[in-house]
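Hello,

Here is the structure we talked about. Please have it open while you read the notes that follow.

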Amino acid sequence: ASESDYILEATNLSKSFGGLKAVDNASIRVDKGCITGLIGPNGAGKSTLFNLLSNFLVADEGKIRFDGEVINGMPPHRIARKGFIRTFQVARVLSRLTVLENMLLATQTQKGENLLSVFLQPYKIKQQERENKEKAIAILESVGLLEKAHDYAGALSGGQRKLLEMARTLMTNPKLILLDEPAAGVNPTLINQICEHIVTWNKQGISFLIIEHNMDVIMSLCNHVWVLAEGSNLADGSPEYIQSNDRVLEAYLGG
Ligand code: ADP
Ligand code: MG
């Protein structure tokens, strides 16, 4: 595959916390239009790698290329505006805002940067706000959260909070979404729904990189799977190949 086939390509990333090398010379690639998995035992460095990829943490070493552009050193909100957005292992929704307000938060930074136009073109701003609200409502309806639109996000179940965080990523027209354990702590019915949404969004052209311990989810969704162990690449390949790989099995059992 040539470089342009990848929406995301990170090479030789490293990150230490004190004496601990949480990510150690790891590389990963996400094919355009695909759903890619990232697995590995607890403490393997998966979440840290997500933080590096999205620049929530600055890598000690390595290079990150998103959609053909090197994004090292770019602040996360700028990366998000380019269409690269992520969720967190513990959903980051604001409990004391409503579900709808949480959706609209995603559009706030853009508004702030157009402060001048607030004065010059108040009509356009109002129109933008109306469009954002319509979009938020359409997305909430598509994920089955519309009836909760005016409830506080804090009143949602853990699984619904994860769904809300995912739904919110759609507000900014993403090209690539990183999901950190979307199925963890979620009931089986909602897991199935979340998987169906991911497939739908993928068919609409959004690429995914998903950290997940639930192997059914990984096997049913992913075209390609990367395995991380002790901060480094252990293997990558098709779900079938990964599932039958002795070194992968050993990493999990030996952990
Ligand atoms: P995973 O998501 O694969 O379970 P993490 O990336 O969360 O693994 O953690 C990898 C290692 O780095 C673990 O040993 C963890 O304790 C450590 N670690 C993660 N974040 C920090 C941090 N902010 N400060 C110190 N150590 C950290
Ligand atoms: Mg993690």
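**The shell around ligand 1**

Two elements, β2 (20-31) and α1, each supply at least two residues of the shell around ligand 1. Helices (H or I, at least four residues) and strands (E, at least two) are DSSP runs, numbered from the N terminus. This is a predicted model, in which local features need pLDDT of at least 70 and side-chain atom pairs count only at pLDDT 80 or more, while totals for chains, interfaces and linings use all residues. Residues are numbered from 1 along each chain as its sequence is written, and chains are lettered from A and ligands numbered from 1 in the order in which they are written.

α1 gives the most to this shell, with three residues. The residues around ligand 1 are F17, L20, A22, G40, N42, G43, A44, G45, K46, S47 and T48. A residue is near the ligand if its C-beta atom, placed from the backbone, lies within 6 Å of it. By class, the shell has four nonpolar, six polar and one charged. Ala, Val, Leu, Ile, Met, Phe, Trp, Tyr, Cys and Pro count as nonpolar, Asp, Glu, Lys and Arg as charged, and the others, Gly among them, as polar.

**Helix α1**

α1 covers residues 46-53. Eight of its eight residues are buried. Buried takes 20 or more other C-beta atoms within 10 Å of the residue's own; exposed is 12 or fewer, and partly exposed lies in between, with C-beta atoms placed from the backbone. Among the buried residues are K46, S47 and T48. After the helix comes N55, with a positive phi near 65°.

α1 lies across β3, β6, β7 (176-180), β8 and β9 (224-229), and runs at about 150° to β7. Axes are lines fitted to C-alpha atoms, for helices over the stretch in contact, and angles run from 0 to 180 degrees between N-to-C directions. Contact between two residues means C-beta atoms, placed from the backbone, within 7 Å.

**The sheet and the hairpin**

The open sheet has six strands in the order β6-β7-β8-β3-β9-β10, with mixed pairing. β6 (84-86) and β10 (232-237) are at the edges with a single partner strand each, so one side of each has no neighbour in the sheet. From one strand to the next, the twist averages 15°. Strands pair if DSSP finds at least two bridges between them. β3 (residues 35-39) and β8 (residues 207-211) are parallel, over four bridges. T36 has L209 in β8 as its bridge partner.

β1 (residues 6-17) pairs with β2 in the antiparallel sense over eight bridges. Their hairpin has two residues between the strands, and G18 there takes a positive phi near 60°. β1 also pairs with β4 (residues 61-66), antiparallel over five bridges.

**Two domains**

The protein divides into domain 1 (3-93 + 168-254) and domain 2 (94-155). Such bounds come from an automatic or database domain assignment. The domain centres, taken over C-alpha atoms, are 27 Å apart. Seven residues from domain 1 and twelve residues from domain 2 make the contact. On the domain 1 side there are three nonpolar, three polar and one charged residues.

One residue to look up is S95, in the loop between β6 and α3 (99-105). S95 is exposed, with 11 other C-beta atoms within 10 Å. S95 and A153 are 58 residues apart in sequence, yet 4.6 Å apart in space, C-alpha to C-alpha. Not counting residues up to four places away in sequence, S95 touches Y152, A153 and G154.

Best wishes
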